[in-house]
Amino acid sequence: MMSNANIDTAQVDADGSNATPMPAPLTPGQVLRARARTHRGLQIGMGILLGLLLIALFAPLLAPHDPFAQTLSARMLPPVWSEGGRWDYLFGTDQVGRDYLSRLIYGTRISLIVGFGAATIGMLIGVTLGVLAGYFGGRIDYAVNFVLTAQLALPGLLLAMALVFIIGPSVWVVISIVGVLHWTYYLVVTRSATMRLREIDFVAAAQAVGASRLQILVREILPNLAPQILVIFTFELGVAILAESSLSFLGVGIPPPTPSWGLMIAEGKEVMFFRPWQVVLPGAAIFLLVVGANLAGDGLRDITSPEGRN
Amino acid sequence: MFSYLRIAAVAATIPFMLSTGARSDAGDDTLRVAFGEEVLNLDYNNTTKREYIILSDLVDEGLFDYDPEANTYVPSVATGYEYLDPLTIEVKLRDGITFHDGSALTAEDVAYTYNWIISEGSESKAKSAIERWLDKAVVVDSKTIRFDMLEEYPLAVRDMANRIQIRKAGTYDDDPNAAAIDLVGLGPYQVVSFEPGKEVVLKAYDGYFADSPKQPVQIGNIVIRSLPDSGTQQAELFSGGVDWIFKVSRDVAESMGAAPNIDHVVSTDLRIGFLVLDAFGHTDPEGPLTNVLVRRAMNHAINRKEIAEFLMGGGAQVVHTACHPAQFGCDQSVADYAYDPEKARALLAEAGYPDGFDLELWSYRDKSVAEVVVAKLEAVGITVSLRHGKLASLNEARANRQIQAYFGTWGSGGTPDTAAIARVHFSADSDRNMSNNPKVTDLVLAAEVTGDQEKRDALYSEALSIIADEAYWVPMFSYAQNFLVSSELEFPTYADGLPRLYRAKWK
Amino acid sequence: MLKYSLKRLSLAVAVAIVLSFVTFLLLNFATDPAQSIAGEDAEPEVVEQIRKTYGFDRPLLVRYADWAGGVLRGDFGESYYWNKPVAEIVLERAPVTLLLAVLSLSVTIIIALPLGIVAALKPNTLIDRMALGIAVSAQAIPNFWLGLIMIILFAVTWQIFPVSGDGSLSHFVLPAFVLGASSVPAVMRLTRTGMLDVMESDYIRTARAKGYRGGALVRRHALRNAILPVISVLAVQLGHKFSGSVITETIFAINGIGRLALESILGSDIPTVQMLIFLFAIVFVSMNLLADILNAVLDPRLRIA
């Protein structure tokens, strides 16, 4: 899981060049929109994310059954395309007779909640530390660097497993732990970008006008970092979703009976030689969601800083 | 998405594609067995867990043996026992019994084993069970041992049969774990080689006594491999690398049993599943579970029949007592709460919880059962959060009295006697006892030291009827054991669910 | 450089010590190791007896001090479950994980390098797009799921490779592929970027002017320079392989230290968990450090700076 966390830094353009105004008569916003219109990957990625977001929002309308409703007499039904399948349970039922399709649909909610939640927590930690270190430098920078090195020395997955196991699994515990372990990219990028911005004229100008440090950080620096933070956020969304699914798969993530895709794979693993779709379907769903996030991240990076395209 | 569905469709046919090419094991007379647990220690005197019991049955003998068909204890290396007085048992040994190294069994070996187990330096897991009643074992003559007891204890013969495996005098003198790797036993099979965590190779012992209740032993060699991953076990069974696996989930057993070279064998089991409720109020002295109406409501809320029939299947039964119906003293005439969600809701309202309450339910195995229980309790208005985790976490929380309710199971160590489940769950010092009714505790402990079987039966009846009336538990079902065995193998099962591999034979 | 290395390593040790203390406390609060040892049907007296035998009845701090004192002497204690010195078990199992890590890294190199180079030589063509597509997909596939799919397809449906275990080299094919695939995106992207940069450089333009073309140009000049940053990233990835082995080894039932880690956590085998967390932390930092050193050694510009 955490092995997927190593987005190479090359993906994230750290030189802050997007802050430089475009020479063309178009406003920066128009330029972005123009680029987005021609970027196929971005469109596909955003399309997937938006689609799954809609599924998550309208899950109660889309799901044919209550995802928690058990019918023990109709347990372990095969999907409709197999012998013995029924049209009222399109993808069959699970160990306690819950509708598989409905659980898949509701699983979208869990993945997105964990993804957005954890990526937000990581962002708050990483950006705060990065901006502070980059803006103030000196001792604060040194301390932040220490924390960063310590974090990089942590065996992430192992630690997440141990922590969830010890604290006791719940959705919020998983969100917090995944978030707390995924902030380093925000830090690395915002730190160097802030260092550069600090030297640029408009910050100096704001200082001259007598703005407080906090005001400068919030009003001048942060808005300029926003595009890069958004790019990392999109990637980390995918990373967090993968992390949650791994933890749930190992039995130290989202607790039952909540429909989590990783948990569904773990439940299906037991019978995967006979009912492989119970492993294939939720895994394909995770894959789709994370591909969406990564394509969107790639695309956002490309259109905000075309030089960094690779 | 479409391509994934096709993969699924292709893969769905695999059980049948795999059924070819199985290797014959009857040919080399070797039964290949897979355990999910690693075998790390051959000495059952120093271990617990079911895998070790199965192994010990093959390599060891106690003084007596349990006959599952007659439900009695029969002489093994002993010829019988006699109570000289309520606190003294005399046991005589058979002639001509030899250890795997060829040396003859004497009374000295037996006395040594028992005295060592209760001695200071012993690390035996049997120590706590034996030291309760045994003062000392004394050699009377070369074939006779006298057991001096501390108190009357009707289950002494059970302990002699199930718990203590006889070792040669002097075995543990230098090292309390001396028999962990190099085991010299008395059983039908002797150890050829042992790689801890990987493999135990056994072969039939030529000098095994003909009068043993385990006879006739038919298979020449048994190899036990540790395969912790259930997928690996299944794959090995398909390819013929393994002939016998157990602790198989029902769904896997039914799917794999459909293959032509594999049989699905089901047996009943003494293990029962139940909910234990904090009736005493350890977690909250004023909590809803301290109200008997609430506990009865929870009993009415659970559909035992549905769980036993659909989830457990096979040999599973509905259980409404705090013991297995097959156990001695397990009175079935106690209060039985029928599945009736309406009544459950009414009782909750009567108890002052018309809108239910919050309940944290712990569980450690059979997640699907736990999920069904959660759904049923929620259906009558109780809001349940499920803490499903490892046994070690559940026990720690229970020891700290932080548990409102848990889904527990108990196998009674295969002992068909209510004593094997009652004391553990209702004695005063057990943290499993969450009702702490002194009356129940007294009855259970009195039964333990009562020799008269009729009186003992009556004591358990009284205790069990209080437990049922007060609804301290929600008893649910008895387990079924699912075995998957090669079609070449004839594998008989017994009511207590314990697999007896020495009874297996080739068809 | 030496001073820097020592500083980084000592930091890693400090982190590992803090971590070991925290996990020790938390695991002891949350679980009862005696119960794990005894099994589900153990009577309370047996559990109590085990507690005494293993010394779980002593105060936590005394037990931690005991453990820490042992570590200073190079003794990581005895596993509750295996009844053997932890160091012995880890030493027994580490070679399997090392083999898996090296094999999977080879898989990464075999897939990612050619893909990255070809993509860079033909930028914005179909090949380039396909390479990027592979990278995006590989990054999005849950590792454990890929493992299960590989088992279903290659071990069960087509029966080309064994389902699980670590008995022979063929047992390692699927796990090495699964674990190796997770690093492909990062290494491929980096190779591609590196190649693109080098191909644009004056130095290659000069070589082109001198008449070098095609394969010779790539082999003699471009590749060597483009690969420099990749090598150091590979060192970091090797560290990640150890961490990734937890899931891969569990799925393929490989008896390495990754699976040992999961089982020890779930089984409350505290001494084993502590040594492994220690070990993983040190491997991580060493690999990151190795990457830095490689960077400095391989890239003369950095050495001067």
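Predicted model: local features only at pLDDT ≥ 70, side-chain atom pairs only at ≥ 80, totals over all residues.
1. Ground rules. Local features need pLDDT of at least 70 and side-chain atom pairs count only at pLDDT 80 or more, while totals for chains, interfaces and linings use all residues. Residues are numbered from 1 along each chain as its sequence is written, and chains are lettered from A and ligands numbered from 1 in the order in which they are written.

2. Chain A fold. You'll find 12 helices and 0 strands in chain A (DSSP runs: helices are H or I, at least four residues; strands are E, at least two). Of its 310 residues, 55% are buried, meaning 20 or more other C-beta atoms, placed from the backbone, lie within 10 Å of a residue's own.

3. Where chains A and C meet. Chain C puts in 43 residues and chain A 42, with contact taken as C-beta atoms, placed from the backbone, within 7 Å. On the chain C side, α1(C) gives the most, 8 residues. By class, that side has 29 nonpolar, 11 polar and 3 charged residues (nonpolar: Ala, Val, Leu, Ile, Met, Phe, Trp, Tyr, Cys and Pro; charged: Asp, Glu, Lys and Arg; polar: the others, Gly among them).

4. The cores. A nonpolar core is a set of buried Ala, Val, Leu, Ile, Met, Phe, Trp, Tyr and Cys residues joined through C-beta atoms within 7 Å. The largest has 231 residues, and Leu276(C) is one of those touching the most other members. Helix α4 (residues 100-136) of chain A supplies the largest share of this core, 17 residues. A second, separate core of 111 residues includes Ile166(B) and Val424(B).

Methods: Contact = placed C-beta atoms within 7 Å. Buried ≥ 20, exposed ≤ 12 C-beta atoms within 10 Å, placed from the backbone.
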